[in-house]
Amino acid sequence: MDVRKFDVVVIGGGPGGYVCAIRAAQLGFKVAVIEREALGGVCLNWGCIPTKALLRAAEIRRLVAHADEFGLKVEDKGFDFAKVIARSREVAGKLSKGVEFLMKKNKIEVLRGEAAFSGDKELEVRGVGKVAFDYAVIATGARAKQIKGVLEADGKLIWTAREAMVPPEMPASLLVVGGGAIGVEFASFYAALGCKVTLVEAQGRIVPAEDEEISALLKKELEKAGIEIVVGAKVESLGSQEPGARNQDVSVVINGEKRRFARAILAIGVVGNVEGLNLPAPKMGHSGKAEGGVVVEKAAIVVDDFYRTASPHIYAIGDVAGAPWLAHVASHEGVIAAEHMAFVAKKAGHLPHPLRYDNIPGCTYCMPQVASTGLTEAVAVAAGRKIKVGRYAYQANGKALALGEPTGMVKVIFDAATGELLGAHILGAEATEMISTFVLGRSVEAVEADFIHACLPHPTLSEMMGEAVLSAEGRVINA
Amino acid sequence: MPIDVLMPQLSPTMTEGRLAKWVKKIGDKISAGDVLAEVETDKATMEVEASDDGILHLIVGEIGADLPVGAPIAVLRGKDESVAEGYMPKGRLASSAVSAPASQAAVSIAAPVQPVAQPVVVVPAVPVVVQPAVVSVGRRVKASPLAKRLAAQKGVDLAGIAGSGPAGRIVAADIENAQASGGARRVVRKPDAVVKLTPMRKAIAARLTAAKQSVPHFYLKRSADLSRLMAMRAELNEYLGTRNQEPGGQGVKISVNDLIIKASALALRDYPAANAAWNPGSVSGASGDSVVQWGNVDIAVAVAIEGGLITPIVANADQKAVTAISSEMKQLAADARAGKLKPAQYEGGSFSISNLGMYGIEEFSAIINPPQAAILAVGAADKANILRLTLSVDHRVIDGALGAELLAAICGYLEKPSVLIVGS
């Protein structure tokens, strides 16, 4: 069998891999993407996109419940759960097809199968054959984390996110283990559709990466939506095989108390897909230190600023290269890796700018939404920064009231001495859309004056960003 | 009838004055002799007194304004007098070309029914510093807003920094890195400041420019061996030191400069032809028709004061004992620094001494202070007690030979110090 040869081979067609492949093709490389499932990866097929489609159904149902306030006579006749799920799958499928089109458009070959390294510059793709490369990019992503014998999914009663987005039926009650973005989103979705949800988080607060004030506000809102929240929770004996119990539910001990739920979702984090790749092992070098190969630490491939592994011709990007496990980060890393390869191989362009990990927006699509970038107030203070904090409440914003979304706040943290925007935190409707302005502001290193001088449109939710900045300066207008 | 108060001529050389302070307010009752305002002249800060009784009706002189002698600065009115609205005082200016400053100055008028003084428009006190816009040098510097602010706060010049951001943009980290590596402070450009001249600086500028341009200077250099003078001075000061501790002791301590004053005075007495001045004939004319032979030997000594210098005079120094010169000089210098010299104490003089020896200057050439015809520049005596003297001479008055004899005589007295003590 012939060995096919490519300049760049990307293992994994997720938001990191396919974007990297397109950028590499743009830069003149002959590129192949190896994908064992559907193009688009977890994000597109089993994560970001299908969950947003599900959450949209929940949001609409919530609007219907409030229709009367708007003077609309709408009767909530319940929902067709299978159709809700089907729509989510349809959206994912459509986008996956879109990625296939993008591959064709950019003359990127898609090799279907699982890949493993079979030589220094060679991969074996099961069912396809050997593929030689100058550069390989490992973009195999991550999967839900489980703790063997303690927190393990069975795919039927105890789900990971993957099963949670295609349930055959609506469970009567649901335990969500993990109060991070994924857990909170599922809790919000299921609760909105009438499921009795309990959300447990081992740390002292839900969305622990977010600002404490935002975290506390979210807890209040989720509890208002009927979600039981247990923080500082110790979860033991999660199982579906309790002797004597009917096999159709989940038993668990939370903080010493025995509880039963129809289903449970494990959302305790993700772990990199580093297995089965036959990653090249480091060799003992002349200096007596290990050299080359691909080094894995804590289920994540170790890379440099340009995503090179210990072998300079092998790159790793996205979830498999460690936190933050976010699609937009993976895409950016893919672009930087491709540009770095072009710079090294062809002396083309310039050395790319490393990604600033202190300005990665985090978005949680629960109701209300949470979005943030930069430092939380506590972290800024702990870092010894003298800060100015500005806040603006949704209930003082005209557009928010018109939308019937009076819940939430915009919070900004500035360095008191330099006017640097250290962090921005938003809770409320369209928070995830608004945060981009602050991300851009931080990206160009805008100071408070730049935000104040920008004339923001009225009436919008975005106006609140300007008001929050004014509030930090002690000169808020509409509050 | 309202009485116009004009900028007075407070010294013979004063052509304009700067209003430093209004002592009286609009509406104040004024008696003749009351101090109305303080005026900075080319020499000192002086008081403007009222020459009539009345009420201070109008102030047209702004604080900080330079007004020519004869320009209106205020208006007095009688106690019950009403002054026509819009009344403006008229000046009596030496030159009609000078426009009345009243048209430009801010005017405050107290309405007669409202005797409470309205505040005079106060212009910031001198020196007025004008900050010109920073002139950007060369190409546009691409920098983030935060980088610009950090650079401004830390005094870092952006032009000297390589940007690491997209398209070479200077970002905050570059400023911090540049500072950490110590390279950022290499080039610091600060805005230039334009400092308004004080009347004294204006006078110094005008007089020295005129002197250097119109007086044909030539320079004579000679050294004097001060070994004996220093020994005698030590002895003398030791003796005066014991005297000073007695009741009525005056704290006199003879300085080298006191002895140079005396030596110069004696030399000028010996060469009266050199104790002279070019007589220009007219105020502006350079073509004179005579030379003035001074009747007295009055030695002017340059004293550095804040913002400039002044040359108080030791009159008839040839006739005074060194101890008297010393006491007088001490008092004159103190008064000069305090701005308390009276015009008679610094005007005139037949010869000047400028001594920069205390600053370690070995030798220098001074500019003649017209109408005087010579100035002696004194450097520092070296370890061997050799003092270098430079005599700047107005060739119109003193020729080379006469100048040389004068300088030789000065050196001679310095080298025969006993004569300085008795030679009067």
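Tutor: Begin with the kind of model. This one is predicted, and the predictor gives the complex an ipTM of 0.77 and a pTM of 0.61.

Student: What does chain B average in pLDDT?

Tutor: The average for chain B is a pLDDT of 81, and 83% of the residues score at least 70.

Student: Where in chain B is confidence lowest, and where is it highest?

Tutor: Where pLDDT is low, the predicted coordinates should not be read in detail. In chain B the lowest confidence is in strand 10 (residues 129-130), with a mean of 34, and the highest is in strand 20 (residues 374-378), at 97. The pLDDT is below 50 over residues 95-138 of chain B, a stretch that has 68 contacts in the model beyond near neighbours in sequence.

Student: How many helices and strands does chain B have?

Tutor: Chain B has nine helices and 21 strands. Of its 424 residues, 35% are buried. Among the contacts in chain B with a separation of 6 or more, 63% are between residues 24 or more positions apart.

Student: How do I read a helix? Which residues of helix 4 of chain A are buried?

Tutor: An α-helix has 3.6 residues a turn, so residues three or four places apart point the same way. In helix 4 of chain A, the buried residues are Ile85(A), Ser88(A), Ala92(A), Ser96(A), Val99(A) and Met103(A). They pack against helix 1 (17-26), strand 2 (31-35), helix 2 (41-46), helix 3 (48-65) and strand 3 (109-112) of chain A.

Student: What span does helix 4 of chain A reach?

Tutor: Helix 4 (residues 81-105) of chain A has 25 residues and reaches 36 Å from its first C-alpha to its last, close to the 36 Å expected at 1.5 Å a residue. Just after this helix, Lys107(A) has a positive phi of about 55 degrees.

Student: Against what do the buried residues of helix 1 of chain B pack?

Tutor: They pack against helix 2 (172-180) of chain B. Helix 1 (residues 145-154) of chain B has Leu146(B), Ala147(B), Arg149(B), Leu150(B) and Ala151(B) as its buried residues.

Student: Now the sheets. In what order do the five strands of the open sheet in chain A lie?

Tutor: In a regular strand the side chains alternate between the two faces of the sheet. The order in chain A is 8-15-9-10-11, with parallel pairing. Strand 8 (158-159) and strand 11 (228-231) of chain A are the edge strands, each pairing on one side only. Strand 10 (residues 196-201) of chain A is joined to strand 11 by four bridges, and Val200(A) has Val230(A) as its bridge partner in strand 11.

Student: Is strand 2 of chain B mostly covered or mostly uncovered?

Tutor: Strand 2 (residues 16-22) of chain B is mostly covered, with six of its seven residues buried. It pairs in the antiparallel sense with strand 4 (residues 35-40) of chain B over four bridges, where Arg18(B) has Glu40(B) as its partner. Three bridges also join strand 2 to strand 7 (residues 66-68) of chain B, again antiparallel, and there Gly17(B) is partnered by Leu67(B).

Student: How many residues are in the largest nonpolar core?

Tutor: In soluble globular proteins, nonpolar side chains tend to be buried together. The largest nonpolar core here has 160 residues, and those touching the most other members are Val8(A), Val9(A), Cys20(A), Val137(A), Ile138(A) and Ala264(A). A second, separate core of 86 residues includes Ile26(B), Leu259(B), Ala300(B) and Ala302(B).

Student: How many residues of chain A are in contact with chain B?

Tutor: Nine residues of chain A are in contact with 10 residues of chain B. On the chain A side, these are three nonpolar, three polar and three charged residues.

Terms used. Residues are numbered from 1 along each chain as its sequence is written. Chains are lettered from A and ligands numbered from 1 in the order in which they are written. This is a predicted model: local features need pLDDT of at least 70, side-chain atom pairs count only at pLDDT 80 or more; totals for chains, interfaces and linings use all residues. Helices (H or I, at least four residues) and strands (E, at least two) are DSSP runs, numbered from the N terminus. A residue is buried if 20 or more other C-beta atoms lie within 10 Å of its own, exposed if 12 or fewer, and partly exposed in between; C-beta atoms are placed from the backbone. Two residues are in contact if their C-beta atoms, placed from the backbone, lie within 7 Å. Ala, Val, Leu, Ile, Met, Phe, Trp, Tyr, Cys and Pro count as nonpolar, Asp, Glu, Lys and Arg as charged, and the others, Gly among them, as polar. A nonpolar core is a set of buried Ala, Val, Leu, Ile, Met, Phe, Trp, Tyr and Cys residues joined through C-beta atoms within 7 Å. pLDDT is the predictor's confidence in each residue, from 0 to 100. Two strands pair if DSSP finds at least two bridges between them. The expected span of a helix is 1.5 Å times one less than its number of residues.
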